[in-house]
Every structure is written in structure tokens, then in C-alpha cells.
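Good morning, and thank you for coming. Please look at the model on the screen while I describe its fold and packing.

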Amino acid sequence: MAQNLSGPPPRKAPVRRRPKLDRPNPIDVHVGARVRLRRTLLGLSQERLGEAIGLTFQQVQKYERGANRIGASRLWELSGVLDVPVQFFFGEMSPDTVTAMRQIQQSQGLTPPPAAAFEAEPMARRETLELVRAYYRIADPSVRRRLFELAKVLAPVEGDDSSDN
């Protein structure tokens with residue numbers, strides 16, 4: 001049998017740079033959970049957040065579940081609307097998430113980042129956000145001021161190693 005050499009060469013399969021996982025990437029799930037946390041702390045519905053960034057509430061739901069990945073520009077937009085730094089979305093990562101991500105990276109032949117890269121900033125912690133939110137719900141400014149002064153007295157002075165309070 002003669003081969004037809006005049007036709008176009010056979011097409012190659014497209015190269016996938018990142019293998020498709022059966023479940024959402026652990027980082028996407030974590031970032032989505034942080035979006036949900038901040039949205040609820042601000043008292044925003046999924047509909048209102050979606051309107052603010054030009055999406056439907058269904059898309060916000062998918063982001064919050066980690067089913068859809070949030071791109072860098074969208075994350076920047078969310079940080080503005082939710083009034084947090086971009087780093088907030090990566091704060092308070094659980095050891096399970098870090099472990100799962102490292103396993104994925106190792107399976108792809110990548111070197112995982114140092115553990116310090118996953119440590120949360122104190123200002124992005126849920127506890128801090130709840131405290132600040134409660135603080136600003138205190139209607140009387142003089143009570144707020146006294147609480148502020150009390151916190152300063154209770155906290156150790158930075159750089160002071162003595163603990164003789």
C-alpha cells in the first residue's frame with residue numbers, strides 16, 4: 001500500500017503545563033475560603049460582592065469553593081473591594097493545605113517554597129479582624145479609647161525582654 005505523503009502532518013496533542021487534578025487545588029480552596037471569610041466579616045452577600053467586581057453570585061460561589069481559580073487581576077480587585085491586602089488571601093494556611101501543596105509540587109518535580117512563605121501576618125489573622133470589627137461596633141468613643149489604652153497597658157513593650165508586670 002502506498003502512503004499519502006502530500007497531506008498535512010499529523011497533529012500533535014496539546015502540551016499541558018499543569019496536570020488536571022480530580023479535585024480543586026488546595027491553594028485555590030484556601031484562597032476561596034479567605035474570600036468567603038472576609039466577605040462575611042463585612043456582611044456582604046455573594047450577590048453584592050459579585051456586583052462590585054462584575055460577576056454573578058454563582059461565579060463568586062465557585063471562587064469561594066475553590067472550584068474556579070482566581071486570577072491575579074481578579075484577586076487584586078477582590079483585595080480592593082474587601083479592603084484587605086492581597087497577602088490576606090494566603091494567610092493562616094493550615095498545615096494540611098501546605099502538605100497537600102508540597103505533595104503536588106513534588107509530584108510535578110518542583111521544589112516547594114520555604115515554610116516561612118506560608119506564615120500568616122498578624123494583621124491578616126481572623127482573630128485580628130474580628131477584634132477590630134468588634135472594637136468599631138462600640139458606639140461610645142470614650143469606651144473605645146479606654147479599651148485601646150487597656151490593650152496597650154496589657155501588651156508587652158516591643159523590645160522589652162523583662163516580664164515583671
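Predicted model: local features only at pLDDT ≥ 70, side-chain atom pairs only at ≥ 80, totals over all residues.

Residues are numbered from 1 along each chain as its sequence is written, and side-chain values use heavy atoms, with hydrogens and water left out.

The protein chain contains 7 helices and 0 strands, where helices (H or I, at least four residues) and strands (E, at least two) are DSSP runs numbered from the N terminus. Buried residues make up 27% of its 165 residues; buried means under 20% relative accessible area and exposed over 50%, with partly exposed in between (1.4 Å probe, protein chains only). Among contacts (heavy atoms within 4.5 Å) with a separation of 6 or more, 64% join residues 24 or more positions apart.

Now the core. A nonpolar core is a set of buried Ala, Val, Leu, Ile, Met, Phe, Trp, Tyr and Cys residues joined through side-chain atoms within 4.5 Å. The largest has 22 residues, of which Val 35, Ile 70, Leu 78, Leu 82 and Phe 89 touch the most other members. Helices 1, 2, 3, 4 and 5 each supply at least two residues of this core, and helix 1 gives the most, with 5 residues. Beyond its neighbours within four places in sequence, Ile 70 contacts Val 31, Val 35, Tyr 63, Leu 75 and Leu 78.

Next, helix 6. Spanning residues 126-137, helix 6 reaches 17 Å from its first C-alpha to its last, close to the 16 Å expected, which is 1.5 Å times one less than its number of residues. Thr 128, Leu 129 and Tyr 135 are buried there. Seen down the axis, the buried residues of helix 6 fall within an arc of 125°, so they line one face; the arc is that of the directions from the helix axis to the C-beta atoms. Their cover includes helix 1 and helix 7. The face turned away carries the exposed residues Glu 127 and Arg 137.

A polar atom of the Ser 79 side chain lies 2.7 Å from the backbone oxygen of Trp 76. Leaving aside neighbours within four places in sequence, Ser 79 contacts Val 84, Pro 85, Val 86 and Phe 89.

Methods:
Polar contact = N/O pair within 3.5 Å; in protein donor to acceptor, adjacent residues only side chain to side chain.
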